[in-house]
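Visitor: Hey, could you walk me through this one? I'm new to reading structures.

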Amino acid sequence: MTFESLGLAPALLRALAENNYTTPTPIQAEAIPLALAGHDVLGGAQTGTGKTAAFGLPLLNRLAKQTPPSGPRKPRALILTPTRELALQVSESLRAYAKHLRLNITAIYGGAGMQPQIDNFRRGVDVLVACPGRLIDHLERGTARLDNIEVLVLDEADRMLDMGFLPAIKRVLGKLPAQRQTLLFSATFEAQIKALALEFMRNPRQVQIAAQNTIADTIAHRAHPVDASRKRDLLTQILTTRYTEQVLVFGKTKHGCNRLAEQLEASGLKAVAIHGNKSQAQRTKALIQFKTGKARVLVATDVAARGLDIPNLPLVINYDLPMVAEDYIHRIGRTGRNGASGEALSLVAPEEGGLLRQVQNMLKTSVELVVVEGFAPSRPIQLNAPLPKPGGSGQRPSRGHRPHGKPAPRHAHAGPKQHRGNGRAAPAGARRDGRTERSPG
Ligand code: AMP
């Protein structure tokens, strides 16, 4: 299949060719024809699958065919995204696709000044990419008008609901014309998403790419048992003696990520941190520094890293194990792409045994435990240790979290052999809650 055969406007085809997009990805091949035909679409796909073009191309194609109304233009397409980073990324991608079209594409999000956004609305906007919180601010002030919206996209809908944006989304939906096309993309389809779709979509066609949440079998999963107090020294040793490539390091809390980046800097390693407490300008700067190679280490929280277009990396380090096993998949999705080999290395303190068990259960394999000389922990990793209480370190309470202290499943084990991911999907029950931070829209 080619983009030409999908029947997209020549201006879009030209931009795609210039961006070296030759073949549609599976989600694009499935979703684009349905959206072009005017159907509402429920798309099961996460970042990295090409979902932005899957909703962006049909939407731009629709606007390209119209003669824009004279005078300042009110948005005709609205894309809601959970985070500022994703809003920026989506708007940048859409601008690239719309390079040969005369459309104004604007992103609005919290943490940035209102006035430039208001000025943008005055000048006229065709495609609006927005985080729900900031959009509500504009609606309340009367600076944004949504009565011309023809296409609504909910991008990473599950993530928006996790972040508590459901009331904001419903308020926005109330301001939109009933006669419109709705495209909803989500990595998971839990009950709440289905309910949202049933309520606000018209006979949606569902497209799902099979490889949802799969774990590349080219990724080696390893863990170093180490006392929490010695993790930083071990990380510094790994980064100075064992690896020279760029590394993405995941931490649990905003504060912890900040401190770690500062401490790595002090040890002579160029490191930047990205998390929800950083201003938009700081987050963008950190990401650019990492992408351009000026920073070797990017220390990130799960929420801040979600949805970011970070290139394939040989190594992802879990400085802290994720509270929710599914986040492990998102984290390691940054390595081992397209058949390249990758390594997911976790630093596991004895008290994190329960979290390691969770990851192993999800991987359906054990993770090789390798003690590093000089860093042996003071006590063994307790795989049957209870999971840490959500909220203990800044997490909000989770839906459906396993009750504290419930006995561990017996099949958890940490074997001596090196195992690889098996490419199997995460269990349907894998939750994405119990997160450590919220990134306000
Ligand atoms: P997304 O899942 O939309 O964030 O896209 C992931 C990455 O794949 C981005 O860097 C896109 O530019 C790229 N991409 C999306 N679709 C295609 C395609 N058909 N051909 C080549 N690259 C693509």
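Visitor: Let's start with α5: what covers its buried residues?
Guide: The cover includes β3, β4 and α6 (132–141). Helices (H or I, at least four residues) and strands (E, at least two) are DSSP runs, numbered from the N terminus. Before we go on: this is a predicted model, where local features need pLDDT of at least 70 and side-chain atom pairs count only at pLDDT 80 or more, while totals for chains, interfaces and linings use all residues. Residues are numbered from 1 along each chain as its sequence is written, and side-chain values use heavy atoms, with hydrogens and water left out.

Visitor: OK, and which residues of α5 are buried?
Guide: In helix α5 (residues 114–123), they are M114, Q117, I118 and F121. Buried means under 20% relative accessible area, exposed means over 50%, and partly exposed is in between (1.4 Å probe, protein chains only).

Visitor: Why do they end up on the same side of α5?
Guide: Because they cover an arc of only 100 degrees around the axis. The arc is that of the directions from the helix axis to the C-beta atoms.

Visitor: What's on the face turned away from that buried side?
Guide: That face of α5 carries the exposed residues R122 and R123. Then α5 is followed by G124, which has a positive phi, near 110 degrees.

Visitor: Switching to strands. In what order do β1 to β7 sit in their sheet?
Guide: The order is β3-β4-β2-β5-β6-β1-β7, in an open sheet of 7 strands with parallel pairing. Two strands pair if DSSP finds at least two bridges between them. β3 (105–108) and β7 (205–208) are at the edges with a single partner strand each, so one side of each has no neighbour in the sheet.

Visitor: How much are neighbouring strands turned against each other there?
Guide: By 15 degrees on average, direction ignored. Axes are lines fitted to C-alpha atoms, for helices over the stretch in contact, and angles run from 0 to 180 degrees between N-to-C directions.

Visitor: Which helix packs on that sheet, touching β2 and β3?
Guide: That's α3 (residues 51–64), which also touches β4, β5 (151–154) and β6 (181–186). Its direction makes about 170 degrees with that of β6. Contact here means heavy atoms within 4.5 Å. Helix α9 (residues 191–200) lies across β1 (41–44), β5 and β6, and runs at about 175 degrees to β6.

Visitor: And α2, which of its residues are buried?
Guide: In α2 (residues 26–36), I27, Q28, A31, I32 and A35 are buried. Looking down the axis, they fall within an arc of 105 degrees, so they line one face of the helix. What covers them includes β1, α3, β6 and β7.

Visitor: New topic: the ligand. How many residues surround it?
Guide: There are 13, and the closest are Y21, Q28, G48, G50 and T52. The cut-off for being near a molecule is a heavy atom within 4 Å of it.

Visitor: Which backbone atoms come up to it?
Guide: A polar backbone atom of T23 is 2.9 Å from a nitrogen atom of the ligand. A backbone N or O atom of T49 is 3.1 Å from an oxygen atom of the ligand, and a polar backbone atom of G50 is 2.7 Å from an oxygen atom of the ligand.

Visitor: What about the sheet that has β8 in it, what's the order there?
Guide: That's an open sheet of 7 strands, β10-β11-β9-β12-β13-β8-β14, with parallel pairing. The edge strands are β10 (271–274) and β14, each pairing on one side only.

Visitor: How many of β8's residues are buried?
Guide: 6 of its 7 residues are, so to speak, tucked away: β8 (residues 219–225) is mostly covered.

Visitor: Which strands does β8 pair with?
Guide: β8 pairs with β13 (residues 342–348) over 7 bridges, and H224 stands opposite L347 in β13. β8 also pairs with β14 (residues 368–369) over 2 bridges, where A223 stands opposite L369.

Visitor: Last one: where is A295?
Guide: A295 lies in the loop between α12 (280–291) and β11 (297–300). A295 is buried, with a relative accessible area of 0%. Leaving aside neighbours within four places in sequence, A295 is in contact with Q246, K270, V272, Q289 and F290.

Note on methods
A polar contact is a pair of N or O atoms within 3.5 Å; within protein, one must be able to donate a hydrogen and the other to accept it, and residues adjacent in sequence count only if both atoms are side-chain atoms.
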